[in-house]
Amino acid sequence: MDLYEYQARELLREHHINTPKAVFAQNSHEVAEAADAIGYPCVIKAQVKTGHRGQAGGVKLARDRDDAILTSEQILPMSIHGHKSSGVLVAEAKNVLHEYYVSISVDRTSRDFDVLATANGGTEVETIAREHPESVKRLHIDPLEDFDMAAAIDMAKSIGFYHADINQAARILLNMWTCFTANDATLVEINPLAKIGDPDDESSKTLCALDAKISLDDNAAFRHDGWKRFADPMQSDPFEAQARAHGLHYVHLQGEVGVIGNGAGLVMSSLDAVSGSGEDHGTGVKPANFLDIGGGASSQIMEQSLRIVLSDPQVESVFINVYGGITSCRQVAHGILDAMAALGGVKPIVVRFDGNEAREGLDLLDKAGGPGLHVCDTMEEAADLAAQLAAAAKEARR
Ligand code: GDP
Ligand code: MN
């Protein structure tokens, strides 16, 4: 899960990294209150989970109250690279003397953690790496060894925080590391880490985080109360929320064929087979969702899955693809029949079973299933039939 800047700043502050005072606001009235509290000039920043906001006009300086209101009225309705703004952050404006980039992330190739840093901060690190590759330093943290102050000072020196306090830079790296590990993050990025202050007064100069990007490892959510405090009402999809509440792995997509299977790989190939059929027949039919019921799913899980998929009004047909390993196809068949009985006249359902108790499951469906239930021998046939049924239903609606 990616965090908004205002949430990322909150985590940094909890780990003793300085960030300018800032308040999240969702309308111009809240902006005016926040700006008055923070003082002028202040910075108004679009809260979207994407970068390059500055270039897109999503980060602006406001001189006074009227300016803050006007600017927020421009930024609040903005979409940046397809992401609708969830609000704005009203932040204390700082006099920036220099911008650095620092990040800690998981490096899957070397199976450790990467510290990436450059004194040419401000722009995206990909751009810096392309234009000034020599300025970007990459250092590794061994996951089996501790990252301590001595190591952090060595790193800060080799990164070259020239004109900045090496000890302060090292402390920030160390705090980023505790923030990273304590929150099971996969990325903690500060860009810019700014040197701020009065150019003529050495003692006023200090480092602080003006922008932060943090990604959390979804697989660790259970250790953090599901990260309820970072829940995003704006972006949350009602079908995904419902599926999550039942512990199902569901992703909402844009098409017409609901897809349910067991195992992420099998479901992915089922999605491909549906899209392939839509292309082959020129219908443009696509999958409506990804839903993995996992291993050993019971009839109740199958029933719940079908309920969620069928509650989506864009779904015209459902393709159920189960390869019985620990999952029993007979159990799955019971779940399908229970759901159909409970939901009444449902959309066409195409089933393909293989493996554990496939024969028993198919026999059950043959005996009890109504006219809306279809059974196929192979995944390709089943995907094709489900896609064709959805195309016909869509056509009939015109
Ligand atoms: P991004 O474009 O999405 O990465 O948004 P940032 O928060 O990094 O803002 C873009 C740029 O705006 C920064 O690199 C800074 O140069 C500038 N900026 C942001 N906050 C301040 C501030 O408080 N004072 C000054 N002078 N510039 C700021
Ligand atoms: Mn930035």
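## Polar contacts with the ligand

Let's start with Asp-211: one of its polar side-chain atoms sits 3.1 Å from an oxygen atom of ligand 1, a polar contact (a pair of N or O atoms within 3.5 Å). This is a predicted model, where local features need pLDDT of at least 70 and side-chain atom pairs count only at pLDDT 80 or more, while totals for chains, interfaces and linings use all residues. Residues are numbered from 1 along each chain as its sequence is written, ligands are numbered from 1 in the order in which they are written, and side-chain values use heavy atoms, leaving out hydrogens and water.

Gly-54 has a backbone N or O atom 2.8 Å from an oxygen atom of ligand 1, and Lys-94 has one 2.9 Å from a nitrogen atom of ligand 1.

## Who's around it

In total, 17 residues surround ligand 1, meaning that each has a heavy atom within 4 Å of the ligand. Among the closest are Lys-45, Arg-53 and Glu-99. The shell splits into 6 nonpolar, 5 polar and 6 charged residues, with Asp, Glu, Lys and Arg counted as charged and Gly among the polar ones.

## Between two domains

Where does ligand 1 lie? Both domain 1 (21-93) and domain 2 (96-226) give residues to its shell, so ligand 1 lies between them. Those domain bounds come from an automatic or database domain assignment.

## A capped helix

Elsewhere, Asp-237 caps the N-terminal end of helix α7 (residues 238-245), with a side-chain oxygen 2.8 Å from the backbone nitrogen of Phe-239. Helices here are DSSP runs (H or I, at least four residues), numbered from the N terminus. Just after α7, Gly-247 takes a positive phi of about 70°.

Methods
Polar contact = N/O pair within 3.5 Å; in protein donor to acceptor, adjacent residues only side chain to side chain. Helix = DSSP H or I, 4+ residues; strand = E, 2+ residues; numbered from the N terminus.
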